[in-house]
Protein chains: 2
Amino acid sequence: MSRENIQNSAGLVETKLAKIQLPSTGLKLENGLLLDLTVAYETYGTLSPNKDNVIFICHALSGDAHVAGYHDDSNISVGWWDEMVGPGKGIDTNIYFVICANILGGCKGTTGPASINPETGKPYGSTFPRITISDMVDVHRLLIKHLEIDRLAAVIGGSLGGMQALEWTIRYPDMIDRCICIAAAASLSTQALAFDIVGRNSITSDPNWQDGDYYGTGHTPDEGLAQARKIGHITYLSPEMMTEKFGREKHDKTYSNARFSTNFQVESYLDHQGNKFVDRFDANSYLHITRAIDEYDLIEKHGSLEKAFDTIKAKVLVIALSSDWLFPPEQSVEIANAMLRAGKQVSYCNLQAPHGHDAFLVDIKNLSEIMKAFLPWVGDGNNSRQQSIQTIKPSEKKEYDNILDMINPGTKVLDLGCGNSKLLSLLADKKNIEGIGVDIDICHVIEAIDSGHDIFQADIDAGMAMIPDDTYDYAILGETLQVVRNPRLVLREMLRVAREGIVSFPNFGKWSHRLHLGITGRMPIGNSLPFEWYETPNIHLFTLRDFVDLCRQDGIKILSTVCMPSCNIGKLLVNMGFRNLGADRVLVKIAR
Amino acid sequence: MSRENIQNSAGLVETKLAKIQLPSTGLKLENGLLLDLTVAYETYGTLSPNKDNVIFICHALSGDAHVAGYHDDSNISVGWWDEMVGPGKGIDTNIYFVICANILGGCKGTTGPASINPETGKPYGSTFPRITISDMVDVHRLLIKHLEIDRLAAVIGGSLGGMQALEWTIRYPDMIDRCICIAAAASLSTQALAFDIVGRNSITSDPNWQDGDYYGTGHTPDEGLAQARKIGHITYLSPEMMTEKFGREKHDKTYSNARFSTNFQVESYLDHQGNKFVDRFDANSYLHITRAIDEYDLIEKHGSLEKAFDTIKAKVLVIALSSDWLFPPEQSVEIANAMLRAGKQVSYCNLQAPHGHDAFLVDIKNLSEIMKAFLPWVGDGNNSRQQSIQTIKPSEKKEYDNILDMINPGTKVLDLGCGNSKLLSLLADKKNIEGIGVDIDICHVIEAIDSGHDIFQADIDAGMAMIPDDTYDYAILGETLQVVRNPRLVLREMLRVAREGIVSFPNFGKWSHRLHLGITGRMPIGNSLPFEWYETPNIHLFTLRDFVDLCRQDGIKILSTVCMPSCNIGKLLVNMGFRNLGADRVLVKIAR
């Protein structure tokens, strides 16, 4: 750890051990019993007087309680998410009181297979009970109680940590205000399952494993554990990042035929990772924890994801990592979609992050930005929503006002292609509507989350399938119909998920466009069509009349039309009833 | 093997052993020496009198000489590519004389680590020399010579087999007419390398491996080999196919805590694959062959791919498999692009195949169709090119004639968006031009290959980067400019790779379009614009004048313009000089 970073560090910390008071019958796990329980944890920042600033971080497979700061002067003593957690960082210890604890079954202080079994006075080894992710969360719940904390402002985790965060939110809905679930899944994919299985096979086929009772024998299944870790490491990195880091580079050492090793640097790297891991991790913990991950299955347990999420009261942010192939983005989409179907407050984003599954530990910059935007302001933070509304331009304002006029207060609104989310903020402000946005641009997603809105990062052409029929009162498609691939399908989907639709688009039938094409023989350029033909994002050009024709053809009712001319001739024409000639932009309210 | 399939089978075959005559000094390998050499091989079909119908198939890591037919009545005795090789199949044994041989270092009859070392009278074991893919090919070259065959009509292989096929084509250019290289790479990706390394580690860390000298000890590194095979199996399947085959299904057996096994069917499957492999494969062969794959690197060996391919005389077909993540399509693209840059006759296609890397063994239907199209007709096959020309419609003919008029005979032509490749056939027929096509549609790719043309399956918006500057005399873009995302970039690229460009497009400036929009206020529909606005593939609409403006702006010279009116008024207008008003479609010849 370099000295200049220390000022942004959570500082010198130590892992504390909490001896948890259990009932005399012990702690009942899902598939077994624990007679005593110790939980190792660390805390950072200061607990607010009314205890409303607690963030609990759930660690992943090989993590531990030491999430930030340092234990001593050595580089290796820096916490595993130090770039994320600290003063002024994504999880700001100037604001929040952060807790992280080693999980049940681990080997960093919390009771695990290497702990002493009070019944025998020897390490549990093969007698350690089979554990689940629910057990891990229940154990941490006991820690929180032990620390006399009632509520968590947020529970946050990536990978296995994301599964725990989900489980917290499902199991203890009344305790959790917000949940950030990063690079996780409602259950592991078959491929990830298969890698875990082979990893466990490596350990259990190592003769030194001795059916799990290797403690004190002088032999530990190091080869097997190192092999498992190597497999894991390949799956944590994106193929692109492996190529960038190592490519086919070779080290200088003389070619050795021993053990069929090669000179490729990636071999040295994997060897190093394997050996390093053996020094700090226990093989039985690896077996227990990976099996718990493999067996986590919300659908199997609850019947469906919607049912699993039924209890949730927290606002949830689901973050996928674009290059993660171990917990691919589709699995995060599955979680977010089901929450939406279950009527929960959920946002989803797919973060461009090149490092694969490991990105939540490495590609910190964008991740902390979006997390900062999502985390609740405790104390008297400034209100960013107000600012957002204040920056609306007069030219936008007219269209927004027209849209607002079409919407009844207190209704449910879906804003497709919500852009800078100013309309969502206006809806909240003027109509008391908590709308939800859909947009493909990550900047828009962060803006929306920062302004307190729920948003889905999705392509509108494909992005409504997850929404059940008749979920919204209004679906708004502002200046977007002309850029979608399949406008007809998008209109149909809008009116499937919402009672009414509000569509605005540039009108190619405007008098000046017709005149321009008719006389100059060139494609028109104007207010609502500001691009050259070869640079325009508008892949469908159409007139108000074309739109009306399509509605008629598809049985779509037009409830009202607002024509927005951009010049005096246009205004005159619209007033005379020649709307297709006069309007530069059009706003149409439609219904089934 | 079901009885009804037997009629399409290559029938009862047996593996023959060829004892190869070596010079008294033995066979010099790239990194060692072999004192004697046996090659196991099989043949199917009949050698033609002038020996011009020989196809050599190169097998992959776990394959062997037994590619087709059966050894006995048991199901397991069916060849590994039986669906591809046989009477009337993709590699038709009614036409071709097919040879397949076990590779050097293997364990199915050809000399390998388990063979007897003539110097010691014992199995080679740890003394077997380090081998390369070039060595494998050289050994098979000796077999072909032994069989008194001089030329191969084609060499074909997938995965490691594809690497061998490439190596054959590079090393023995005068022997090879055609090469089909499927799901291969000029060198392994870092990720694939890493998986191989971990697989080898599994074997060498198995105490029974005994540094490779386990033969006759009563102990073989079965656990390690099974582990390596399990890792391999995961990488051979696409994640989608793993999910489809196994999902998170569980078998009925009571939950067993032993060895931390789970009830997931994918675990039983992997166990089964591991155990089956141990019965039929030798661990030392696995080590030697995978290391040879890992160390194969055409760039390292030759300096660049262009240099590596410099010697090639064969016509090459490079096939990628869409869902292959072990040898991803980009690696096939890299091969094909380099061949193109080296001025070789090469076609590339990316086959939609769901099964991952294994698809070349499983997704046979499309693969055999494209291979059939590519393989040379030996004997008096029908000429499909003639048929293709005969089916040209009169409406197309006019445009083709106009294009042909713009092109000098014997020049080099690139046809972007070549569609049904009729123009390529006309160019060959009327102008003696062997053009090359680019198209995204696999049907068009197969059509082109079947008509004897070279073609690249690529998206034109992204598809010209691999072509060096000034490679062609003409680049043709027929009725495609309006559907590309970035027309300006495409025009620039055309004139980078070709001296002149020929572009045809629908003219939005035509009188009837202007009149239609001007009077009805609806988007025009007509001959060259046959789609409704919401269904059109034309994402850019523009007029002849717009095109001329862009050319002027970008410094593009217009050499000639042919206007194609579709009605009498149009003809009249064009004749009067009002080309933008009269032309329905336009053909423009451009230059830098």
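# Briefing on a predicted two-chain model

The contact between the chains takes 63 residues from chain B and 63 residues from chain A, in what is a predicted model. On the side of chain B that touches chain A, the largest share comes from helix 3 (residues 190-204) of chain B, which supplies 11 residues. Sorted by class, that side of chain B consists of 27 nonpolar, 19 polar and 17 charged residues.

**Chain A as a whole**

- The secondary structure of chain A amounts to 21 helices and 21 strands, and its C-alpha atoms fill a box of roughly 95 × 60 × 50 Å when this is taken along the principal axes.
- Of the 592 residues in chain A, 54% are buried.
- Among the contacts in chain A with a separation of 6 or more, 70% are accounted for by residues 24 or more positions apart.

**The two domains of chain A**

- The domain assignment divides chain A into domain 1, covering 3-374, and domain 2, covering 384-591, and the centres of these domains, taken over C-alpha atoms, are separated by 43 Å.
- Where the two domains of chain A touch, 15 residues of domain 1 are in contact with 12 residues of domain 2.
- On the domain 1 side of this contact in chain A, the elements giving two or more residues are helix 10 (329-341), strand 14 (346-351) and helix 12 (364-374), and strand 14 of chain A gives the most, with 5 residues.
- The residues that domain 1 of chain A brings to its contact with domain 2 divide into 8 nonpolar, 5 polar and 2 charged.

**Helix packing in chain A: helix 4 and helix 6**

- Two packed helices are described by the angle between their axes and the distance between the axes.
- In chain A, the axes of helix 4 (residues 222-236) and helix 6 (residues 265-280) come within 8 Å and cross at roughly 125°, and helix 4 and helix 6 of chain A are therefore oblique to each other.
- The crossing of helix 4 and helix 6 of chain A is right-handed.
- Helix 4 of chain A contributes A:Asp222, A:Leu225, A:Ala226, A:Gln227, A:Arg229, A:Lys230 and A:His233 to the contact, while helix 6 of chain A contributes A:Leu270, A:Gln273, A:Gly274, A:Asn275, A:Phe277 and A:Val278.
- Taken by class, the residues of this contact between helix 4 and helix 6 of chain A are 5 nonpolar, 5 polar and 3 charged.

**Helix packing in chain B: helix 12 and helix 16**

- Helix 12 (residues 364-374) and helix 16 (residues 442-450) of chain B pack with their axes 7 Å apart and at an angle of about 25°, which makes helix 12 of chain B roughly parallel to helix 16 of chain B.
- The crossing in which helix 12 of chain B passes helix 16 of chain B is left-handed.
- From helix 12 of chain B, the residues B:Glu369, B:Ile370, B:Ala373 and B:Phe374 meet B:Ile446, B:Ile449 and B:Asp450 of helix 16 of chain B.
- The contact of helix 12 with helix 16 of chain B has 5 nonpolar and 2 charged residues, with no polar residues.

**Individual loop residues**

- Most residues other than glycine have a negative phi.
- A:Asp211, which is not a glycine, has a positive phi near 55°, and A:Asp211 is found in the loop between helix 3 (190-204) and helix 4 of chain A.
- A:Asp211 counts as exposed because it has 11 C-beta neighbours inside 10 Å, the limit for an exposed residue being 12 or fewer.
- B:Ser159 likewise has a positive phi, near 60°, in a residue other than glycine, and B:Ser159 is found in the loop between strand 11 (154-158) and helix 2 (160-171) of chain B.
- B:Ser159 has 27 C-beta neighbours inside 10 Å and therefore counts as buried, given that a residue is buried at 20 or more.
- A:Ser24 is found in the loop between strand 1 (16-20) and strand 2 (27-29) of chain A, and A:Ser24 counts as exposed because it has 5 C-beta neighbours inside 10 Å.
- A:Ser24 and A:Leu35, which are 11 residues apart in sequence, are 8.2 Å apart in space from C-alpha to C-alpha.

Definitions and conventions. Residues numbered from 1 in each chain as written. Chains lettered and ligands numbered in written order. Predicted model: local features only at pLDDT ≥ 70, side-chain atom pairs only at ≥ 80, totals over all residues. Axes fitted to C-alpha atoms, helices over the stretch in contact; angles between N-to-C directions. Helix = DSSP H or I, 4+ residues; strand = E, 2+ residues; numbered from the N terminus. Parallel < 35°, antiparallel > 145°, perpendicular 65-115°, else oblique. Left-handed = near helix turned anticlockwise from the far one by under 90°. Contact = placed C-beta atoms within 7 Å. Nonpolar A, V, L, I, M, F, W, Y, C, P; charged D, E, K, R; others polar. Domains from an automatic or database assignment.
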